[in-house]
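This report goes through selected places in a structure, one topic at a time. Please keep the sequence and the 3D view open while reading.

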Amino acid sequence: MTENLLEVTGLEKHFPITRGIIFRRKIGAVRAVDGIDLAVQPGETLGLVGESGCGKTTTGRLVTRLIEPTAGRVVFDGRDITHVSAGRMRPMRREIQMIFQDPYSSLNPRHTVGAIVGAPFRVQNIKTPQGRKKAVQELLELVGLSPEHYNRYPHEFSGGQRQRIGIARALALRPKMVVADEPVSALDVSIQAQVVNLLDDLQKELGLTYLVIAHDLSVVRHISDRVAVMYLGKIVEVAPRDDLYSRPLHPYTLALLSAVPVPDPARRDAAQRERILLVGDVPSPIDPPSGCRFRTRCWKAQEICAQQEPPLETPALDEVTAGHRVACHFPITPEERTGRGAQQAREAAAAVGEADD
Amino acid sequence: MVIGPEPVAGDTTTLVAEETTAPPGAAKAIEGRSLWRIAWIRLKRDKIALAGGVVVIFLILGAVFAPFIVALLGHPPNEFHQNLIDINLGTPIGKFGGISKDFLFGLEPGSGRDLFSRIVYGSRISLLIAFLATAMSMVIGTVMGVISGYFGGWIDAFIGRLMDVFLAFPLLLFSLALVGVIPDRAFGLSGVSLRIAMLVFIIGFFSWPYIGRIIRGQTLSLREREFVDAARSLGARGPYIVVRELLPNLVAPILIYTTLLIPTNILFEAALSFLGVGIPAPTASWGAMLTEASHGLYQVDPFYMIFPGLAIFVTVLAFNLFGDGLRDALDPRAR
């Protein structure tokens with residue numbers, strides 16, 4: 001096994017909730033990311049999925065050091081970047097870049113495309129042998145835009161083109177790793193595939209490593225080699241893509257997968273009926289449940305789930321491949337993935353709320 | 001709309017740009033239409049704002065070239081023409097305050113000075129003080145607003161309270177008191193220039209919170225935009241982010257509120273002059289003329305009050321109309 005390009009251990013980010021203006025008192029914390037372990041190998045794509053508010057965006061900002069971690073370690077390319085100063089981080093930023101979610105707010109409306117894509121050279125003070133303008137135009141061509149767009153402004157482009165501009169900016173410094181935070185979720189579905197394919201092509205061409213953060217399971221399935229599922233600040237399951245999609249082990253993953261829209265109208269009604277509907281809302285990250293965080297909505301929860309937090313590990317089951325890890329006391333069995341098992345799971349999931357009342 | 005060669009894979013581009021397009025065949029260098037260009041196109045369509053702008057330019061030119069205009073159309077502003085004044089009444093001879101082709105706005109009662117020249121010269125004082133004071137409050141307001149919004153936390157809280165103090169300051173009383181204690185010469189200035197400096201200071205130093213608050217709010221919302229994060233993820237330092245990323249987006253609000261603050265300051269200067277805190281005689285000033293007229297003269301010669309009043313009214317209206325139009329052009333979402 002090769003050495004990991006990015007290694008995250010026990011990473012935490014707690015946003016303090018304070019009261020008072022001059023005399024600030026800390027009255028609590030939002031535990032956005034609460035102890036996660038991740039490893040990304042060179043050349044692979046790790047997809048990070050979860051519903052909104054589960055901490056996946058915060059994770060992306062932590063590994064690119066846009067925000068300061070509360071605890072844990074981030075090791076990039078053998079160097080510990082957990083708490084390096086902004087000044088020491090600057091040269092390393094050439095190697096880890098970010099693609100942002102919103103193509104409308106991630107490009108400065110007052111700058112031309114040339115200024116935006118050329119900003120990395122200017123900020124990092126890099127001399128380009130062929131001249132900055134030429135370098136920018138080559139980047140524009142790389143992402144499928146015309147070099148003539150150099151003098152244009154972001155508002156003259158469509159969402160998909162803007163996202164291409166954002167990608168060109170991220171690639172300007174030839175990074176080893178790109179963290180893509182919801183790279184396509186703000187785009188029309190018809191444009192999503194193009195941008196996803198562009199990311200795929202660029203990976204092959206430039207040998208990039210991706211950490212793709214998304215909530216759309218179909219996008220993640222298309223682009224990822226491995227997938228990590230997050231729930232309320234924790235990673236609940238990590239697996240090679242096909243294992244995760246065909247044999248989910250965590251009840252939450254199973255529920256998520258059952259909620260993926262089916263594009264085929266003939267099968268849509270059946271899919272609708274097979275959906276496992278989770279009862280209730282995601283608990284507050286200010287005061288997460290004890291033990292397993294999913295237990296409040298889980299139909300398989302038992303006493304031990306409230307007392308003991310399940311570790312993220314490979315369960316000793318026959319069908320489970322190496323590298324498939326899950327944080328659950330009672331992983332999903334093959335039986336539950338059959339039609340009848342799923343039916344029972346649905347009924348049990350729907351009954352979770354009633355038992356509480 | 002065709003944008004020259006279009007090699008983009010299948011990204012069927014519906015450009016967001018507006019209706020006007022480069023003529024067909026202009027496929028060489030595609031020049032981007034900056035937001036300024038678009039704002040200008042929008043402003044050109046707003047006839048009322050354009051009219052305001054024309055009046056503003058006209059007023060500025062009038063103030064700058066006052067000596068030439070007066071030499072051409074009037075008499076020196078401090079030249080007495082008592083032969084044209086009714087000795088018994090003290091009012092100008094002739095109808096409508098003595099309006100004639102020699103004296104376009106008539107004469108000043110008592111002394112017989114040319115009212116037109118005094119209005120033209122008065123515009124110099126009004127505009128000079130308003131411009132300098134506005135520039136001062138704009139600079140202080142922008143710096144304080146950006147600091148407040150960008151850094152946040154206790155700095156924001158402190159500057160916020162400071163603005164409250166400045167806004168709560170009894171400014172009129174303060175300036176009345178200041179005139180009582182101001183020496184004849186200070187800071188190497190004396191007479192009219194010292195008074196101008198004082199007025200600029202009073203008006204400028206106490207009106208910055210209006211701009212400061214707006215800039216703070218804008219900075220606060222800009223700071224959260226992803227392009228700031230993008231700059232940081234490239235390794236940009238604070239000054240780079242403020243100067244290259246934030247300020248270009250703040251120019252529009254700064255420009256808008258500057259144009260809207262100028263008429264307020266013109267009014268304020270007139271008010272101070274009216275209260276006798278302004279420019280000392282014999283220098284012409286709109287506010288001071290209104291004071292004199294208000295001492296009973298308007299009953300016998302209403303035109304002595306109408307012309308300075310009209311001058312203030314037209315100036316303030318023109319700046320306001322232009323400023324409103326500018327806001328609509330630069331920031332169409334503001335309404």
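## A:S105 in its loop

A:S105 sits in the loop that runs between strand 6 (96-99) and helix 3 (113-124) of chain A. Helices (H or I, at least four residues) and strands (E, at least two) are DSSP runs, numbered from the N terminus. Because its relative accessibility is 11%, A:S105 counts as buried; buried means under 20% relative accessible area, exposed over 50%, and partly exposed in between, with a 1.4 Å probe and protein chains only.

The side chain of A:S105 reaches across to chain B, where the backbone nitrogen of B:E226 is at 3.0 Å. Such a polar contact is a pair of N or O atoms within 3.5 Å; within protein, one must be able to donate a hydrogen and the other to accept it, and residues adjacent in sequence count only if both atoms are side-chain atoms. Leaving aside residues up to four places away in sequence, A:S105 touches B:R225, B:E226 and B:F227. Contact here means heavy atoms within 4.5 Å.

## Basis of the values

The model is predicted: local features need pLDDT of at least 70 and side-chain atom pairs count only at pLDDT 80 or more, while totals for chains, interfaces and linings use all residues. Residues are numbered from 1 along each chain as its sequence is written, chains are lettered from A and ligands numbered from 1 in the order in which they are written, and side-chain values use heavy atoms, with hydrogens and water left out.

## A:H111 in the loop

A:H111 also lies in the loop between strand 6 and helix 3 of chain A. With 8% relative accessibility, A:H111 counts as buried. Its side chain reaches the backbone oxygen of B:R244 at 2.8 Å.

Not counting residues up to four places away in sequence, A:H111 touches A:I116, A:Y153 and A:P154 in chain A, and B:R244, B:E245 and B:P248 in chain B.

## Helix 1 of chain A

Helix 1 (residues 56-63) of chain A is mostly covered, with seven of its eight residues buried. These are A:K56, A:T58, A:T59, A:G60, A:R61, A:L62 and A:V63. Just after this helix, A:R65 takes a positive phi of about 60 degrees.

## Cysteines

How many disulfides does the structure hold over all chains? There are zero, a disulfide being a pair of cysteine sulfur atoms within 2.5 Å. A:C298 is in no disulfide, and its nearest cysteine sulfur, that of A:C328, is 6.0 Å away.

## Chain B and a helix pair

Chain B has 11 helices and two strands, in the order α-α-α-α-α-α-β-β-α-α-α-α-α from the N terminus on. Of its 335 residues, 46% are buried. Among its contacts between residues at least 6 apart in sequence, 72% join residues at least 24 apart.

The axes of helix 4 (residues 115-151) and helix 5 (residues 153-168) of chain B come within 7 Å and cross at roughly 145 degrees. Axes are lines fitted to C-alpha atoms, for helices over the stretch in contact, and angles run from 0 to 180 degrees between N-to-C directions. The contact is made by B:M144, B:I147, B:S148 and B:F151 of helix 4 and B:G153, B:I155, B:D156, B:I159 and B:L162 of helix 5.
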